[in-house]
Amino acid sequence: MWWAEVLYPSLLICVSFGALLLVAVGSSYVWLVWLGKRATKCPECGKSGAGELVESTVTDLRARTEWRTRIGLFRQDVSPTQVLEETCEDHFKCCHCGHEWTKTTQWTRRPPERKQASPEEKKARVFPARR
Ligand SMILES: [Zn+2]
């Protein structure tokens, strides 16, 4: 039958892509678990994944202005963006030996990229509709 000649190869391709996808998802999961265990490794006894987060405090919070440049087809837009820089102190305790330690991490938070306003939206902003 003609459809079997088309169906079986396409089924084979689908199954191999599915297997590839499963391997990719599985290996990223294992990698993330490994990263988490490495991040909470006790510096005293060396047990990975033994550190439990006891407390997390924000020690520094700064806001600064960053200038974003968007290069369009005919013009270039430069717009200010508020960026928050947060410094956290995480206190860990080893559930294996009881050792306590502190880790300092820094986060930078940027607001999500806004989509470019369409000419109609810009016009509506400048000339609001009368009621
Ligand atoms: Zn320990």
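## Report on a predicted protein chain

The protein chain contains two helices and three strands, where helices (H or I, at least four residues) and strands (E, at least two) are DSSP runs numbered from the N terminus. From the N terminus on, their order is α-β-β-β-α. The model is predicted: local features need pLDDT of at least 70 and side-chain atom pairs count only at pLDDT 80 or more, while totals for chains, interfaces and linings use all residues. Residues are numbered from 1 along each chain as its sequence is written.

The C-alpha atoms fill a box of roughly 70 × 70 × 35 Å, taken along the principal axes. The radius of gyration is taken over C-alpha atoms, and the globule rule is 2.2 Å times the number of residues to the power 0.38.

| Item | Radius of gyration |
|---|---|
| Protein chain | 26 Å |

Of the 131 residues, 3% count as buried. A residue is buried if 20 or more other C-beta atoms lie within 10 Å of its own, exposed if 12 or fewer, and partly exposed in between, with C-beta atoms placed from the backbone.

Helix α1 covers residues 2-39 and reaches 56 Å from its first C-alpha to its last, close to the expected 56 Å; the expected span is 1.5 Å times one less than the number of residues. Helix α1 lies largely in the open, because the number buried among its 38 residues is zero.

Helix α2 (residues 119-126) holds Glu 121. Glu 121 is exposed, with 11 other C-beta atoms within 10 Å. Between Glu 121 and Glu 5 there are 53 Å in space, C-alpha to C-alpha, and the two are 116 residues apart in sequence.
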